[in-house]
Amino acid sequence: MVLENPTPISKTQRAKYRLCNVAGYKTDLLEIHAQDPKLHVLFIPGNPGVASFYVDFLESLYELLGGAVSLTAISHISHSNKNWELGRLFSLQAQIDHKMNFIEQEFHNVEVPIILVGHSIGSYISLEVFKRLQKEVGFCIGLYPFLTVNTKSGKQSVIKKIAASRSISAMLSSVVACLGMLPAWISRSLVKNFVGKCWSSTAVDALCTHLLHFHAMQNVLFMAMTEFDKLSEELDWPFMRQKKNKMAFLFGLDDHWGPAHVLEEMCEKVPGAVVTVEQEGHTHAFSCTEAGSLWAAKYVASLIKRYVYSYHTSS
């Protein structure tokens, strides 16, 4: 799939925040509602699972789809500035169940197909949700997917050791929380200069608002620990072969979360799989820049338009 270089687009609708109670857990949502939606896109973030990182992506996607599709981005439990769950830690499986509960609760009256779009570990979560809700889900898209542990990655090895150590995780979370106690202009400056020199103001705000808290960082690391455990298992290749016409994946260049050997294995074990390699120089954290957000939105929009065409021609 070849996409033109992204050019800025005007945005007529802004994503609106909503706090939702999902099976007893406070959940941050970002939503854009179409007046007469043909589809409903549910976006599932990576880890950290903060919906606010994806504002530019969501608003661009809405415009590219002509305002005909409703969009919802759902944060992970306790990946938020509010310690609603009083320090409780949530695993990958708990976050998967959370997304299932959300769909069953909020989408039970939705009469249009649901499109799942996941980023990083959100791609894995989307696949797991798709398995359980095959009648409701029309299509599944994975952006820069994290689907299996990359044993060749030094970065993943370091993250795995940090996440597996309760003492190191607590110490790191305490340091992060101390940064969050600084005046906002200082924490923003530190994040901008040491973490996101090329980040958009939206991404910087999302990190400073939601992640510079002890409970949030603890949940990011605990979820990561359980990700490494679960993703050491073999992927469900039979399911992916069965549903290959209803899913697509975007891989990045030199992305250790979704390395080339995983793409090659997918093409080998799922012949005819819809896979694309982004070669414009965007990173795994595509949503942290306006250009990356727009490029990914154009990719997703092109897939959804193709799905809508095939859906109506087959109906």
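Select leucine 179 first, in helix H5 (residues 166-180). Helices here are DSSP runs of H or I with at least four residues, strands are E runs of at least two, and both are numbered from the N terminus. The model is predicted, so local features need pLDDT of at least 70 and side-chain atom pairs pLDDT 80 or more, while totals for chains, interfaces and linings use all residues. Residues are numbered from 1 along each chain as its sequence is written, and side-chain values use heavy atoms, without hydrogens or water.

Is leucine 179 buried, partly exposed or exposed? Its relative accessibility is 34%, so leucine 179 counts as partly exposed. Buried means under 20% relative accessible area and exposed over 50%, with partly exposed in between (1.4 Å probe, protein chains only). Now show its contacts, meaning heavy atoms within 4.5 Å. Beyond neighbours within four places in sequence, leucine 179 meets Ser187, Leu190 and Leu212. Aspartate 205 is 26 residues away in sequence and 14 Å away in space, C-alpha to C-alpha.

Next, select helix H2, residues 92-106. Its 15 residues should span 21 Å at 1.5 Å a residue, and the end C-alpha atoms are 21 Å apart, which agrees. The expected span is 1.5 Å times one less than the number of residues. Colour the buried residues of H2: Leu92, Gln95, Ile96, His98, Lys99, Met100, Phe102 and Ile103.

Move to the largest nonpolar core, with 54 residues. Such a core is a set of buried Ala, Val, Leu, Ile, Met, Phe, Trp, Tyr and Cys residues joined through side-chain atoms within 4.5 Å. Phe53, Phe57, Ile141 and Leu143 touch the most other members. Helix H11 (residues 290-314) gives the largest share of this core, 10 residues. A second, separate core has 41 residues, including Leu29, Leu127, Leu147 and Phe251.

Zoom in on phenylalanine 57. Not counting residues up to four places away in sequence, phenylalanine 57 touches Phe43, Val117, Leu143, Phe286, Ser293, Ala296, Ala297 and Val300.

Last stop: the lining of the largest cavity. Select Lys26, Thr27, Asp28, His76, Ile77, Ser78, His79, Ser80, Lys82, Trp84 and Glu85. A cavity is a set of points, on a 1 Å grid over the protein atoms alone, where a 1.4 Å probe fits but cannot get out; lining residues have an atom within 4 Å of a point.

Terms used:
On a 1 Å grid over the protein atoms alone, a cavity is a set of points where a 1.4 Å probe fits but cannot get out, and a pocket is an open set with protein on both sides within 12 Å along at least five of seven lines; lining residues have an atom within 4 Å of a point.
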